[in-house]
Amino acid sequence: MRRSPLLLFAALILCIGVFGQSTANQPILPAHELPNLNDLQTVVKIDQSWFKDDQVRLAADQARLADYEKQLIAYHDCADPKLCYTTDIEAQTDKAIAYLEQRLAQRKAGEKFAIVLDIDETSLSNWELNLRDQFNYIAADWTQWYIDAKAPAIAGTMKLFRKAIDNDVDVFFITGRGNADAVNTEKDLLKAKYLDKEKKAKGWKYLYTRPDQLGTVAEYKSRMRADIETGTWKERIILNVGDQLSDLSGSPQAELSVKLPNPFYYIP
């Protein structure tokens, strides 16, 4: 998993909130925003390199970093019912489910629908690792986390997943995880119960993992959506759900794109 921090003002806009795009291009505006912790870590690193003698400035940034870490934990744990990660996730997945139900009611005989789901912080939660590493990206820890396959399902997305497969809608996972992580990712999805309960086997149609050197995340995910719509599968994507704007941008677009909140890290 690769991450690139943004400047603070950009993170304030992009790091959390909701994003929706319908066929009428009517966006769903952000409900609220939190700083991206990776940004504050970058500020501290800049201070360490540029202001080595300015201990007051460095101490202030370290204190600010610790404060934002507390904010992220409070948001995840729903310390304030008005600023609650679980509630925000469910609000967005409920919108996705409502749209799925609307399209199912309109489906014509023989018409094949598909939905696309991201994995990390969309279908599976990496909170345990994020908290343990204090929201730093440590590559070796993520590699081991994938091997351990311990990430639990995100409840709202699981509900959407079940609604889709119970109504003969194909589910495609498009993840930023690399090809080397494909086997462990599939194991994690199965352990998290992304299953076809009748067949007691995987419930998704296909899992796309990212080849090396395939452009940006947005470019890679766009190409995979094109493979679903006009390439290998030739199915209409009615829903695309992810926690990063890069999960949703580019062409082709789903009929409706829904962004889940994630202030814990940013992937361009």
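View 1. Rings of Phe, Tyr and Trp (for Trp, the six-membered ring) form a pair if their centres lie within 6.5 Å, and planes under 30 degrees apart count as stacked, over 60 as edge-to-face and the rest as tilted. The structure, a predicted model in which local features need pLDDT of at least 70, side-chain atom pairs count only at pLDDT 80 or more, and totals for chains, interfaces and linings use all residues, holds 16 aromatic pairs. The centres of the rings of Phe 135 and Phe 264 are 6.1 Å apart and their planes stand at 20°, so this pair is stacked. Phe 135 lies in the loop between helix H5 (127–132) and helix H6 (139–148), and Phe 264 in the segment after strand E8 (256–259), so the pair ties together parts that are 129 residues apart in sequence; helices (H or I, at least four residues) and strands (E, at least two) are DSSP runs, numbered from the N terminus. Both Phe 135 and Phe 264 are buried, where buried means under 20% relative accessible area, exposed over 50% and partly exposed in between (1.4 Å probe, protein chains only). Together with Tyr 75, Tyr 85 and Trp 127, these two residues form one aromatic cluster. Residues are numbered from 1 along each chain as its sequence is written, and side-chain values use heavy atoms, with hydrogens and water left out.

**View 2. The largest nonpolar core and the contacts of Ile 115.** A nonpolar core is a set of buried Ala, Val, Leu, Ile, Met, Phe, Trp, Tyr and Cys residues joined through side-chain atoms within 4.5 Å. The largest such core has 45 residues, and those with the most contacts inside it include Ile 115, Leu 160, Phe 173 and Tyr 194; the largest share of this core, seven residues, comes from helix H4 (residues 85–106). Leaving aside neighbours within four places in sequence, Ile 115 is in contact (heavy atoms within 4.5 Å) with Leu 160, Ala 164, Val 169, Asp 170, Val 171, Phe 172, Ile 238 and Leu 239.

**View 3. The second largest pocket.** On a 1 Å grid over the protein atoms alone, a pocket is an open set of points with protein on both sides within 12 Å along at least five of seven lines, a cavity is a set of points where a 1.4 Å probe fits but cannot get out, and lining residues have an atom within 4 Å of a point. About 310 Å³ of space lies in the second largest pocket, a volume being the space filled by probe spheres set on the points, which are joined across faces, edges and corners. Of its 15 lining residues, the closest to the centre are Ile 165, Asp 168, Asp 196, Lys 199 and Gly 203. Helix H7 (155–166) and strand E3 (170–178) each supply at least two residues of this lining, and H7 gives the most, with three residues.

View 4. A cis peptide bond, with omega about 5°, joins Ser 251 and Pro 252, and Pro 252 lies in the loop between helix H10 (245–248) and E8. Glu 121, a residue other than glycine, has a positive phi near 65°; its place is in the loop between E2 and H5, and at 2% relative accessibility Glu 121 counts as buried. Lys 193 has a positive phi near 80°, but Lys 193 is exposed, with a relative accessible area of 53%.
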